[in-house]
Every structure is written in C-alpha cells, then in structure tokens.
Amino acid sequence: SMGFLLPVAAVLEFCTGAVLVEVAKGESDREAGDYGLDPLSFLKGKSEEEVNRMKLRELKNGRLAMLAFAGVVTQAGLGEATQSFPYL
C-alpha cells in the first residue's frame with residue numbers, strides 16, 4: 001500500500017543522497033549510471049571499444065522504451081473517455 005511504499009522510497013532516497021553529493025564534489029571516480037552490476041559477466045574480457053558499444057546500445061534501448069511508453073500514455077490521454085489506459 002502507499003502507506004508503506006512512501007516511507008520505503010524516502011529511506012532509499014535518503015541513503016542514495018550521500019552518493020550523489022560525493023559524485024557532485026568529484027570525490028568518486030565512478031561514471032554516472034555505473035553501479036558495477038554485471039551478474040552475467042557480459043563485459044568481462046571485452047575491449048574498451050566493445051564496452052562503450054554495449055553502453056551505447058543500452059542507452060539507446062532505454063531511450064526507445066521511454067518513447068514507446070510516452071506514445072502509449074499520449075494515446076490514452078487523447079483517446080475517448082470510454083477508453084482508459086490499456087493496461088489497467
């Protein structure tokens with residue numbers, strides 16, 4: 001329920017705030033968006049060029065997904081009043 005979800009989100013935001021301040025000050029050497037998560041070892045043993053290509057593919061995939069979702073929401077907003085969001 002929302003009564004539980006809101007405090008959980010607040011705690012997560014508070015805990016990640018310290019990392020954001022550290023990155024903003026330049027005290028961290030990690031790149032933006034790099035959480036070191038590669039459980040299937042896709043990037044293990046790859047050259048820097050291949051790693052950058054995979055990162056670009058992931059970025060483009062995320063952008064395409066955002067555009068697709070924006071299209072669904074726009075269609076639902078412009079549709080007739082009898083048609084609601086298709087997945088609710």
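**Leucine 40.** I started with leucine 40, which is exposed at a relative accessible area of 63% (exposed means over 50%, buried under 20%, partly exposed in between, with a 1.4 Å probe and protein chains only). I found leucine 40 in the loop between H1 and H2; helices here are DSSP runs of H or I with at least four residues, strands are E runs of at least two, and both are numbered from the N terminus.

**Ground rules.** I am working with a predicted model, where local features need pLDDT of at least 70 and side-chain atom pairs pLDDT 80 or more, while totals for chains, interfaces and linings use all residues. Residues are numbered from 1 along each chain, and side-chain values use heavy atoms, leaving out hydrogens and water.

**The patch.** I then looked up what leucine 40 belongs to: Leu40, Phe42, Leu43 and Met54 make a nonpolar surface patch of about 380 Å². Patch residues have over 30% relative accessible area and no salt bridge, with nonpolar side chains joined within 5 Å and like charges within 9 Å; a salt bridge puts a Lys or Arg side-chain nitrogen within 4 Å of an Asp or Glu carboxyl oxygen. Methionine 54 sits in helix H2 and is partly exposed, at 32%. I noted 9.1 Å between the C-alpha atoms of methionine 54 and phenylalanine 42, which are 12 residues apart in sequence.

**Serine 41.** I checked the backbone here and got a positive phi, near 55 degrees, in a residue other than glycine. Most residues other than glycine have a negative phi. Serine 41 lies in the loop between helix H1 (2-24) and helix H2 (48-78), and is partly exposed at 37%.

**The largest pocket.** I read about 660 Å³ for its space, a volume being what is filled by probe spheres set on the grid points, joined across faces, edges and corners. A pocket is an open set of points on a 1 Å grid, fitting a 1.4 Å probe, with protein on both sides within 12 Å along at least five of seven lines; lining residues have an atom within 4 Å of a point. Of its 17 lining residues, Gly33, Asp34, Leu37, Leu43 and Lys55 lie nearest the centre.

**Whole protein.** I count two helices and zero strands. Of the 88 residues, 1% count as buried.

Methods. Accessible areas come from the Shrake-Rupley method with a 1.4 Å probe; for residues, only the protein chains shown count as cover.
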